[in-house]
Amino acid sequence: MVEKSNSKKSEKANIHITGMTCTTCAATIEKSLSGTPGVEKANVSFASEKASIEYDPSKVDLATIKNTISQLGYNAATKKSIFPISGMTCASCVARVEKALSSVPGVVLASVNLASEKATVEYVEGTDIAEMRRAVKEAGYGLGAEATTLEDVTTAARREIRALRNRVIFASVLAAVIMVLSLAPDFQFRSYLLWILATPVQFWTGWRFYQGAWGALRHRTADMNTLIAVGTSAAYLYSMVVVLFPGLFATAGIELGLYFDTASVIIALILLGRFLEARARGQTSEAIKKLIGLKPKTAMVIRDGKETEISVEDVQVGDLILVRPGERISVDGIVRQGYSSVDESMITGESIPVDKNVGDTVIGGTINKMGSFQFKATRVGKDTTLARIIRLVEEAQGSKAPIQRLADVISSYFVPIVIGIAILTFSIWYFVGPQPALTYALLNFVAVLIIACPCALGLATPTAIIVGTGKGAENGVLIRSGEALERVHKINSVLLDKTGTLTQGEPMVTDIIGSPSFAEAEVLRLAASVEHDSEHPLAQAIVKAASEKNLELSKVLDFKAMPGHGVEAKVGGKSLLLGNLALIKDRRISLDGLAKEAERLWGEGKTVLFFSVDSKAAGIIALADTLKPNAKEAVEALHKLGIEVVMITGDNTRTAEAIAREAGIDRVLAEVLPENKAAEVKRLQDEGKVVAMVGDGINDAPALAQADVGIAIGTGTDVAMETGDITLISGDLGGIVTAISLSKRTMRTIRQNLFWAFAYNVTLIPVAAGVLYLFFGRTGIPSGLHFIFGNYGFLNPMLAAAAMAASSITVVSNSLRLRAFKAAKFEKFTEGGEQMAIDPVCNMVVSEKKAAATSEYKGKKYYFCSVACKKAFDEKPEKYLARKSK
């Protein structure tokens, strides 16, 4: 609830607060808010979880109040909405809309994006949307309804482009006729005919410029519309006076001239530029449209034993849903019956299908490749993974990067300065210039107003951010804001949490060594038989290893667990013992040469279990939390980017260093407690490092917050999207390389855009003012440039309009080149200590040691899961390599 108080200056706001556990929390918040400068009164209720605040908006804003609450460890609950904005043309418009929205009581923060023509508004409960709409309308623009579907996102834009196209066609046809008549021999009433034809171009097709200029004037400011309206109106009105009162000029001895063609062609060219720019801008948000397009429209629900096809909006949590081969999964859920292989590439960026069995999670929007299955819906509507990804990407695309502040500051002064330059240009040419002075003064005045382009400045940063964040989402990398995207390219140190980030997070059997009288498979089979019913992680890892090798387990008798040591049991009349070294020594069992192997495995940071049969050593089993696939390759790729890689863990130094050696990591921070991880990040920052902390987004939250860039890593629906600046959906460490490379590429594009926008205006405004006359006033312009600069260096205003339009299109087109960005992909990686590769034919992961076949092509070796795949590759290698590159 937000309202004006009785005081002329004060406003009231009711803010919902989460995180309070007692009345002391409420008192703490109330005391802190009351002490905030500008807050006149604050009451916090623990029962209703609300703060009633009366404040002076000239001294404090809601963003500051929200930050005060957050700094105390609580959360001020606000809502974020994205609204389409119509009528914006340049960076000045952006500033004006943001100011209008921020003035509405209850609005915490408003960020407007020129490229996407959207406003991201954060506001407290009870804020009046109609009041926002009224404020924006008074500023001269339009605020549409909050967009929630693909149709909402695209329909308004398409309607705008279609209307713009119609006006371009109309203006272009009439402008062409006016040009032809202007060049034709004079005839009776020609001037009146030109005036009649030019009027609808000026006041119908060009009405948007007058509308925008009037809105700016009402707020005592100026923008791009002002420049175009004043420039074309000067040419039109001068020509109109010549038509109606030619005697005025004849008496004064001024040469007559009509410039209806100039005004009409300028409007036609600028509208053409806007049309092309709007179409190009539409392509920048192609990624978000693809994400929205992934949402299925229907779902096959099983209710009361009957299959019923319903709208996906009607699916409820707990519904049982049937998915057939080739169908798109409707919502998030857990598999309850059947099994299949699911293509999750559109969400995670991983091209290899993922096997799904009973108990596995599935993500809405992904595609079922083979086999039917039933799953229970766990997240629907706005809570699905896809919906959350879309929301985060939209918010990121609507955010601003710090580098954009420079462009915003310059744009705020740009238009008034250009108007001043134009007036000065007119004065100099009229009072000092050669005859016909009024003609030269008018043409140069118009040229300066028309060629100036704050649009390019306004589009330089947001277009690149929209494409960059969209490409990240396509590859399973969610970048939460433009600020995060900018910071990432400065990273020179990456801090990786070990468990669950660098490693799989669960133990796996890595080595099995049998004594001379026992084979490895027999050691594993008997050990798994003993551990079959145990819930200990090491026991489960041994059972899993036996299951993967299809080993048949035996019945166990007299099972006995010895906490801290191991287990013993009887199998087939034999006494089996499985445990640590202390258990073996306690039973005085001789290791018979296995001690040396155990020492080696300990040196590699692995856990070693000893296995004996009838009090004789039979073998040892080593387990370890193994590196994730691509971990070693990702570290190597980070090194190639010149980035230091540091591992942080609570494990002992020996284990940590063994993992670090395997991954190729530079530096190890071992035996660090979770609560001390943030301090280690701070220590690296004190060394002058720009640090990215990569963690699971839950236990590592303080460290993620302390780092310059926090990267939350997870898998599927379990990913903590709200935690870090960047989220890697698939859990693939290659996403870190992708994020950094994408940031570097995006920042390079932004710098190119800003350079072009600044260089264009700095170079061409003086040319439009007639500075070339100083060099060619006597000798004349070379004949090949007469069409552009006339005889003496005056820029044709019509060409100034074309150049202005081209500058914006150039900036948008340069940003669109980011769509060609390719994410970091590793053809080879390690898994469970084995070197793995991807079969280029079927995209299956295969072990290099156990590959069914291999083939060499152009000096490179490829591995295949079957002879059939090798044969297909050998016949048409380019076909499969080209498909893989795409």
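## Helices and how they are counted

Helices are DSSP runs of H or I with at least four residues, strands are DSSP runs of E with at least two, and both are numbered from the N terminus. The expected span of a helix is 1.5 Å times one less than its number of residues. Helix α19 covers residues 520-531 and has 12 residues. From its first C-alpha to its last, α19 reaches 17 Å, close to the 16 Å expected at 1.5 Å a residue.

This is a predicted model: local features need pLDDT of at least 70, side-chain atom pairs count only at pLDDT 80 or more, and totals for chains, interfaces and linings use all residues. Residues are numbered from 1 along each chain as its sequence is written, and side-chain values use heavy atoms, with hydrogens and water left out.

## The whole chain

The chain holds 32 helices and 36 strands. Of its 886 residues, 51% are buried. Buried means under 20% relative accessible area, exposed means over 50%, and partly exposed lies in between (1.4 Å probe, protein chains only).

Contact means heavy atoms within 4.5 Å. Take the contacts in the chain with a separation of 6 or more: residues 24 or more positions apart account for 65% of them. The chain exposes about 40400 Å², and carbon and sulfur atoms supply 55% of that area. Accessible areas come from the Shrake-Rupley method with a 1.4 Å probe; for residues, only the protein chains shown count as cover.

Why is α19 described as largely enclosed by the rest of the structure? Because 9 of its 12 residues are buried. Among them are Val 523, Leu 524, Arg 525 and Glu 531.

Helix α3 (residues 91-102) also has 12 residues. They should span 16 Å, and the end C-alpha atoms are 17 Å apart, which agrees. In α3, 9 of the 12 residues are buried, so this helix is largely enclosed by the rest of the structure. The buried residues of α3 include Cys 93, Val 94, Arg 96 and Glu 98.

Most residues other than glycine have a negative phi. Asn 550 has a positive one, near 60°. Asn 550 lies in the loop between α20 (537-548) and β22 (557-562). Its relative accessibility is 69%, so Asn 550 counts as exposed. Glu 671 also has a positive phi, near 55°. Glu 671 lies in the loop between β28 (667-669) and α25 (677-686). At 52% relative accessibility, Glu 671 counts as exposed.

Asn 580 lies in the loop between β24 (574-579) and α21 (581-586). Its relative accessibility is 24%, so Asn 580 counts as partly exposed. Leaving aside neighbours within four places in sequence, Asn 580 is in contact with Gly 564, His 565, Val 608 and Phe 610. Asn 580 and Ile 620 are 40 residues apart in sequence, and their C-alpha atoms are 9.8 Å apart in space.

## A cavity inside

A cavity is a set of points on a 1 Å grid over the protein atoms alone, where a 1.4 Å probe fits but cannot get out; lining residues have an atom within 4 Å of a point. The model has 3 cavities of 30 Å³ or more.

Which helix gives the largest share of the lining of the second largest cavity? Helix α10 does, with 4 residues. Both α10 (260-284) and α30 (797-816) supply at least two residues each. The lining includes Ile 270, Arg 274, Cys 455 and Met 804. By class, this lining has 4 nonpolar, 2 polar and 2 charged residues. Ala, Val, Leu, Ile, Met, Phe, Trp, Tyr, Cys and Pro count as nonpolar, Asp, Glu, Lys and Arg as charged, and the others, Gly among them, as polar.

Note on methods:
On a 1 Å grid over the protein atoms alone, a cavity is a set of points where a 1.4 Å probe fits but cannot get out, and a pocket is an open set with protein on both sides within 12 Å along at least five of seven lines; lining residues have an atom within 4 Å of a point. Grid points are joined across faces, edges and corners, and a volume is the space filled by probe spheres set on the points.
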